[in-house]
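This report describes selected features of one protein model. Please keep the sequence and the structure in view while reading.

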Amino acid sequence: MTYASRNFLFLNIGHALDHFFMLIFATAVLSASMKGDFEGSYGALLLLTTFSFFFFGGASQPAGWLGDKWSRHNMIVVFFIGIGVASIFTGLTTGRLSLQIGLAMIGLLAAIYHPIGIALVAEEAGRMGRALAINGVWGNIGVALAAVTTGAIAEYWGWRAAFIAPGIYAAAIGVSYALHLRLGPGAGEDQNETLRANQLRSLLVSGPLLGTLAVIGVFIFGFMTYKAVDRFGWYALVVLPIVYIAMACLAYVMYTFQKGALQQDGAPAAKRQFDVTVSIQQRVFVFLIVAPLFGGVIFQATTIALPKILSERLTALIANPSEIGIVAAVVFALAALGQVVVGELLDRYPIRQIYLSVVSVQLLLCALAVSAFGWLALLVTTPLMLATFGAIPMNDWIVANYIGSRWRSRVYAVKSLMSLSVGAIAVQLSGRLYDLTGSFEALFMVMTGCAALVILGALFLLPARPPEPVVVPAEQLAG
């Protein structure tokens with residue numbers, strides 16, 4: 001594995017862990033062990049994460065500033081180790097106040113990734129749309145893993161273990177990433193490097209990294225197999241291999257796409273510049289406030305509340321929290337395909353057409369979800385999440401193509417501030433509307449209105465034509 005590929009993998013794992021940690025509590029709150037330690041309704045307990053989501057977005061601006069002034073790569077090291085320590089602390093808390101502090105610490109450290117990690121992905125990509133889509137898929141993987149692993153760990157070892165075990169893993173990844181940066185580029189970039197040094201890199205970085213990913217995969221697939229056989233009988237073993245083969249094919253496609261998204265090894269990185277007027281940049285900046293704000297309500301509300309939504313809408317079919325977690329994980333995993341498709345479209349078609357199409361689908365499905373129950377709810381929420389996750393790389397693509405590199409990290413931070421800070425609003429909406437009405441119909445109505453506002457913003461603020469690219473070799477810029 002080359003230095004560039006390994007770095008891209010670390011950044012992708014970081015995106016997965018970022019969303020994973022932010023959604024542990026959303027599934028843990030459904031567990032019996034959590035209900036035994038903390039009294040209160042679903043809505044009341046969910047409100048404990050308000051400060052976590054506030055800092056998740058609010059701290060992204062100073063994080064982007066630190067990345068510009070200090071070091072983006074070192075900030076990612078701080079992210080890995082810091083969020084791991086915060087999660088361990090959260091798992092060891094004993095009261096509501098300390099739990100809120102721990103969750104707030106997770107949100108504060110999680111705020112680092114989006115303005116820093118995504119900026120690094122965009123800078124080092126060969127095909128930006130594809131690279132952002134792949135990175136977004138890894139974020140979806142984190143969302144899916146939060147549902148299934150938290151449900152499984154909380155069921156057998158309690159909600160505290162659901163925070164502590166991932167915290168240890170994240171801190172270890174942080175140490176591994178720091179070692180990766182210290183060792184520098186591998187043999188693929190430096191022909192004079194010795195074979196022994198290259199083997200050392202593989203042994204100390206790539207080996208443990210890929211090994212731990214394999215262990216996690218075995219645990220998740222083993223748990224899903226056990227639950228499927230326990231619920232549906234041994235004939236599930238006939239169906240599951242087909243599902244796993246399909247997932248393996250998807251993983252291979254992702255691997256192929258990842259290779260195409262990177263710069264060629266050994267080639268000097270070319271810096272993208274675009275011929276974009278000041279007036280267009282101003283319009284785009286306004287759009288990057290409106291769209292992430294209202295689109296963020298849809299994304300945050302659906303990802304936070306989906307386990308509870310499925311628990312309510314599928315009550316007659318599935319009652320076990322860990323099984324609900326598996327269903328939610330499958331929905332999130334399928335939704336990852338939306339980012340792959342949209343990422344490919346971004347490299348081929350005008351952004352305004354893609355944006356209007358995706359958000360229009362969101363609006364329609366949010367309206368249908370108001371009254372959908374049973375299997376119909378699953379048939380509606382799955383494509384809704386597909387469109388919701390498919391929208392993620394679009395805003396990042398807009399920043400990378402319409403905003404000058406000098407301000408890019410800070411504009412990423414503003415976008416993150418809008419889209420992630422509304423997580424605190426989404427928590428309040430989800431929790432309070434559910435407690436007031438006893439259902440999620442009102443929440444889906446609010447999301448329908450948000451989608452309509454995003455469509456209006458895209459119609460009036462997004463340019464109809466893509467920017468004209470001007471590719472300048474890195475050597476010229478350095479000189």
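The structure holds one salt bridge, a term for a side-chain nitrogen of Lys or Arg within 4 Å of a carboxyl oxygen of Asp or Glu. It joins the side chains of Glu-312 and Arg-313, with 3.2 Å from N to O. The model is predicted, so local features need pLDDT of at least 70 and side-chain atom pairs count only at pLDDT 80 or more, while totals for chains, interfaces and linings use all residues. Residues are numbered from 1 along each chain as its sequence is written, and side-chain values use heavy atoms, without hydrogens and water.

The table lists buried residues; buried means under 20% relative accessible area, exposed over 50%, and partly exposed in between (1.4 Å probe, protein chains only).

| Residue | Relative accessible area |
|---|---|
| Glu-312 | 17% |
| Arg-313 | 5% |
| Ser-430 | 1% |

Ser-430 lies in helix α18 (residues 408-437); helices are DSSP runs (H or I, at least four residues), numbered from the N terminus. Apart from neighbours within four places in sequence, Ser-430 is in contact with Leu-46, Ala-301, Ala-305, Phe-440 and Leu-443, where contact means heavy atoms within 4.5 Å.

Helix α6 (residues 72-91) and helix α10 (residues 159-183) have axes that come within 7 Å and cross at roughly 160 degrees. The axes are lines fitted to C-alpha atoms over the stretch in contact, with angles from 0 to 180 degrees between N-to-C directions. The helices α6 and α10 are therefore roughly antiparallel, a description for angles over 145 degrees.

Terms used: Helix = DSSP H or I, 4+ residues; strand = E, 2+ residues; numbered from the N terminus. Parallel < 35°, antiparallel > 145°, perpendicular 65-115°, else oblique.
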